[in-house]
Amino acid sequence: MKKKTIKHCRPSWDEYFLEMAALVAKRSTCLRRSVGAVIVGEKRILATGYNGAPSGLKHCVEIGCIRQQLKIPSGERHELCRALHAEQNALIQACLHGISVKGATLYATNQPCVICAKMLINAGIKEIVIAEGYPDKMALSFLKQAKIKIRKR
């Protein structure tokens, strides 16, 4: 009797961590865009984050979105938002738990904005892998100047 072989499709590390970022994004409470981020060091998850209001505050899904009400385009006026971005929440979680992200890779469902890019630069992130873009050319410029490799998968 001939032995049947089962084909196994193992995801690459990039696919694996981007799928995790997509899963994390499902926790988002933003009405406009669900974003997930996973910070990885040596192929181990260090921290995760999704976009949503600060702990203990009401979420946009509960009270509405001020950015939608004011018709603010995506990529502009980030200060007029209740939510922290996924990248910010991932960095804060690492900080809260005493985890260094220096030299780590960020996997995210979307390209970071310029505010997040500046934080990632100062946190020592060395590479960013994204699933989708974002309308923020200044962020890309800053990341390039900081010699942070950004790849779209």
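## From one residue pair to the whole chain

Let's start inside the sheet: Val38 stands opposite Tyr107 in strand 3. Strands here are DSSP E runs of at least two residues, helices are H or I runs of at least four, and both are numbered from the N terminus. Please keep in mind that this is a predicted model, in which local features need pLDDT of at least 70 and side-chain atom pairs count only at pLDDT 80 or more, while totals for chains, interfaces and linings use all residues. Residues are numbered from 1 along each chain as its sequence is written, and side-chain values use heavy atoms, with hydrogens and water left out.

Strand 1 and strand 3 pair in the antiparallel sense over four bridges; two strands count as paired if DSSP finds at least two bridges between them. The open sheet has five strands in the order 2-1-3-4-5, with mixed pairing. Strand 2 and strand 5 (149-152) are at its edges with a single partner strand each, so one side of each has no neighbour in the sheet. On average, neighbouring strands of this sheet are turned by 20° against each other, direction ignored.

The buried residues of helix 4 are Ala86, Glu87, Gln88, Asn89, Ala90, Leu91 and Ala94. They pack against strand 1 (36-41), strand 2 (44-50), strand 3 (105-110) and helix 5 (114-123). After helix 4 comes Gly98, with a positive phi near 70°.

Leaving aside residues up to four places away in sequence, Asn89 touches Thr48, Gly49, Tyr50, Gly52 and Leu84, where contact means heavy atoms within 4.5 Å.

Finally, step back to the chain as a whole. Its secondary structure comes to six helices and five strands, running α-β-β-α-α-α-β-α-β-α-β from the N terminus. The C-alpha trace spans about 70 × 35 × 30 Å along its principal axes. Of the 153 residues in the chain, 40% are buried. Among contacts with a separation of 6 or more, 54% join residues 24 or more positions apart.

Methods:
Buried < 20%, exposed > 50% of the residue type's maximum accessible area, 1.4 Å probe, protein only. Axes fitted to C-alpha atoms, helices over the stretch in contact; angles between N-to-C directions.
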